[in-house]
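Subject: Structure handover

Hello,

Here is the structure I promised to pass on. Please open it first, then read my notes below.

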Amino acid sequence: MSENKKAEKITGVKGMNDLLPTDSPLWELFENTAQSVLQSYGFQKIVTPIIEDTALFKRAIGAVTDIVEKEMYSFTDAMNGDQLTLRPEGTAGVVRAVIEHNLVYEGPKRLWYKGPMFRHERPQRGRYRQFFQIGAEAVGFAGPDIDAELIMLCRRLWDDLGLEGIRLELNSIGDAAERQRHRADLITYFEANAELLDAEATRRLHQNPLRILDTKNPAMQDLVNKAPKLLDYLEAESIAHFEGVKRILDHNNIPYTVNPRLVRGLDYYNRTVFEWVTDALGAQGTVCAGGRYDPLIASFGGKPTPAVGFAMGIERLVELMKMAGEPALPAQCDVYMVHQGEAAQMQAFVLAERIRDAGLDVVLHCAAASGAGSFKSQMKKADGSGAAFAVIIGDDEIANHVAIVKSMRGAEDDSQQSTVPFDEVVDYVVDQIVGDHDHDHGHDHVHYHH
Ligand code: HAM
């Protein structure tokens with residue numbers, strides 16, 4: 001009969017990942033480090049919805065881009081027929097919010113955000129359909145100084161994360177008029193070599209020829225390398241801006257390579273564009289990318305407001321952190337409560353709450369499917385939690401109104417344990433742990449065990 005029929009398994013959506021507890025401390029370490037770097041440059045957090053009007057992304061990112069043409073999760077709201085899209089990136093939503101709330105009327109703003117983005121790409125290592133970005137948008141700033149600051153902020157983050165081998169590629173794609181002149185020459189050049197274009201390039205030739213420069217097709221590399229370079233079409237103001245960015249980077253010893261073929265896959269950019277790239281991740285080696293998008297806000301009906309930003313892929317950076325070694329991660333808790341017997345359990349609950357009142361993190365052993373667990377198995381859990389102390393209560397301790405406080409750090413044989421009256425347990429562990437914590441202060445850098 002059907003009793004033995006296996007229940008059908010439901011699995012996650014392809015290209016979308018679960019973040020499991022084994023990995024979440026590393027993510028948290030990444031996010032906290034990034035957040036503290038962003039704050040150290042005066043960036044303020046903004047949160048916008050994951051769903052926006054489809055038209056927002058079409059107009060901001062550009063109709064003839066991979067994202068809009070084939071990667072958006074768009075749907076019709078069944079309740080009212082609205083055309084909506086799961087955000088493929090964060091800039092469009094931030095720009096919408098800046099205009100809607102007139103955020104720059106008091107002056108420029110440094111904003112940052114984090115969260116999931118959605119693109120229907122072919123999943124592979126480092127490329128997912130739901131992925132997480134941390135991004136920054138500096139809105140209302142016109143000069144090259146902020147471009148350089150954003151780049152230096154990234155550099156500081158790589159250093160704080162202890163990540164090596166992330167290099168900076170930089171380019172300027174000029175303004176609309178400069179791109180227009182370049183575009184005309186580019187089309188002429190590609191038309192003269194039409195037989196060398198692949199299908200995608202042929203399709204893009206009259207729509208978005210700049211994107212042809214981005215081709216990964218090996219057969220077209222030579223053609224693309226000899227194509228007219230946008231950098232040669234820049235006029236005085238764009239050149240001065242680009243030189244300004246480079247001067248600040250040079251002065252601060254930030255190495256970079258000017259890559260004239262760096263054009264980015266979204267249409268809103270002008271002038272400065274940049275990517276942070278590593279060779280350690282295979283094909284998906286760009287860990288962070290961004291640039292200036294001065295005309296975007298005005299094109300949405302806002303008052304003309306220059307802006308520049310970047311976004312980094314959290315999965316890719318966490319992967320790099322894993323490759324760098326085993327980072328020193330925070331323990332699950334400060335104190336693990338071990339107990340046996342009902343009276344001991346009651347006492348453990350009371351003590352655990354009082355230790356939490358004092359600001360420490362406590363895991364109280366709770367019954368598993370297999371039961372409450374022996375002292376021995378509970379001590380194993382205490383060990384695995386990374387707690388600095390186990391507080392142990394059994395029948396003898398209940399009889400004497402004391403708990404055993406056992407230090408879980410140090411070697412197995414010389415681990416210290418003390419018998420502490422119930423009333424003194426909180427002060428005892430707080431003294432020990434807070435005294436210890438002070439040693440950790442004064443550094444934000446991530447350390448790895450190799
Ligand atoms: P983007 O180049 O499309 O730019 O994405 C930025 C970063 O997000 C990439 O460099 C990569 O690290 C990560 N990323 C992109 N797609 C995926 C994916 N499918 N799976 C995993 N990671 C991915 C933007 O999104 C712009 N909004 C950046 C920006 C902000 N420009 C100005 N302000």
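The accessible surface of the protein comes to about 23200 Å², and 51% of that belongs to carbon and sulfur atoms. Please keep in mind that this is a predicted model.

**Overall picture**

The protein has 450 residues, and 48% of them count as buried. Its C-alpha atoms fill a box of roughly 95 × 70 × 45 Å along the principal axes. The secondary structure comes to 15 helices and 18 strands. Residues 24 or more positions apart account for 71% of them. There are 46 positive and 66 negative charges, and their mean positions are 8 Å apart.

**A nonpolar patch**

Ile50, Ile51 and Phe75 make a nonpolar patch of about 220 Å². Find Ile50 in the loop between β1 (44-45) and β2 (51-53). Is Ile50 buried or partly exposed? Ile50 counts as partly exposed, because its relative accessibility is 34% and the buried class stops under 20%.

**A covered helix**

Next, go to helix α11, residues 314-324. This helix is mostly covered, with eight of its 11 residues buried. Those buried residues are Ile314, Glu315, Arg316, Leu317, Val318, Leu320, Met321 and Ala324. What covers them? The cover includes two helices, α1 (24-40) and α5 (144-160). It also includes the strands β6 (130-139), β10 (286-292), β11 (307-313) and β18 (448-449). Just after α11 comes Gly325, which takes a positive phi of about 130°.

**Salt bridges**

The count comes to 26 salt bridges. Three of them are worth a look.

Take Asp66 and Lys70 to begin with. They form a salt bridge, and their closest N and O atoms are 3.6 Å apart. Both lie in helix α3 (residues 66-71), four residues apart, about one turn of the helix. Lys70 is partly exposed, with a relative accessible area of 47%.

Asp66 has another partner. Arg211 forms a salt bridge with Asp66, again with the closest N and O atoms 3.6 Å apart. Arg211 lies in the loop between α7 (199-204) and α8 (221-225), while Asp66 is in helix α3, so this pair ties together parts that are 145 residues apart in sequence. Is Arg211 buried or exposed? Arg211 counts as buried, because its relative accessibility is 10% and the cut-off is 20%.

Now move to Glu353 and Arg356. Their side chains meet in a salt bridge of 3.1 Å, N to O. Both residues lie in helix α12 (residues 342-357), three residues apart, about one turn of the helix. Glu353 is partly exposed, with a relative accessible area of 42%. Arg356 counts as partly exposed too, at 32% relative accessibility.

One last thing to trace on screen. Salt bridges that share partners join Asp66, Glu69, Lys70, Glu200, Arg203, Arg204, Arg211 and Asp214 into one network.

Best wishes

Terms used:
Residues are numbered from 1 along each chain as its sequence is written. This is a predicted model: local features need pLDDT of at least 70, side-chain atom pairs count only at pLDDT 80 or more; totals for chains, interfaces and linings use all residues. Side-chain values use heavy atoms; hydrogens and water are left out. Patches are made of residues with over 30% relative accessible area and no salt bridge: like charges are joined within 9 Å, nonpolar side chains (Val, Leu, Ile, Met, Phe, Trp, Tyr) within 5 Å. Accessible areas come from the Shrake-Rupley method with a 1.4 Å probe; for residues, only the protein chains shown count as cover. A salt bridge is a side-chain nitrogen of Lys or Arg within 4 Å of a carboxyl oxygen of Asp or Glu. Buried means under 20% relative accessible area, exposed over 50%, partly exposed in between (1.4 Å probe, protein chains only). Contact means heavy atoms within 4.5 Å. Lys and Arg count as positive and Asp and Glu as negative; His and the chain ends are not counted. The place of a charge is taken as NZ of Lys, CZ of Arg, CG of Asp or CD of Glu.
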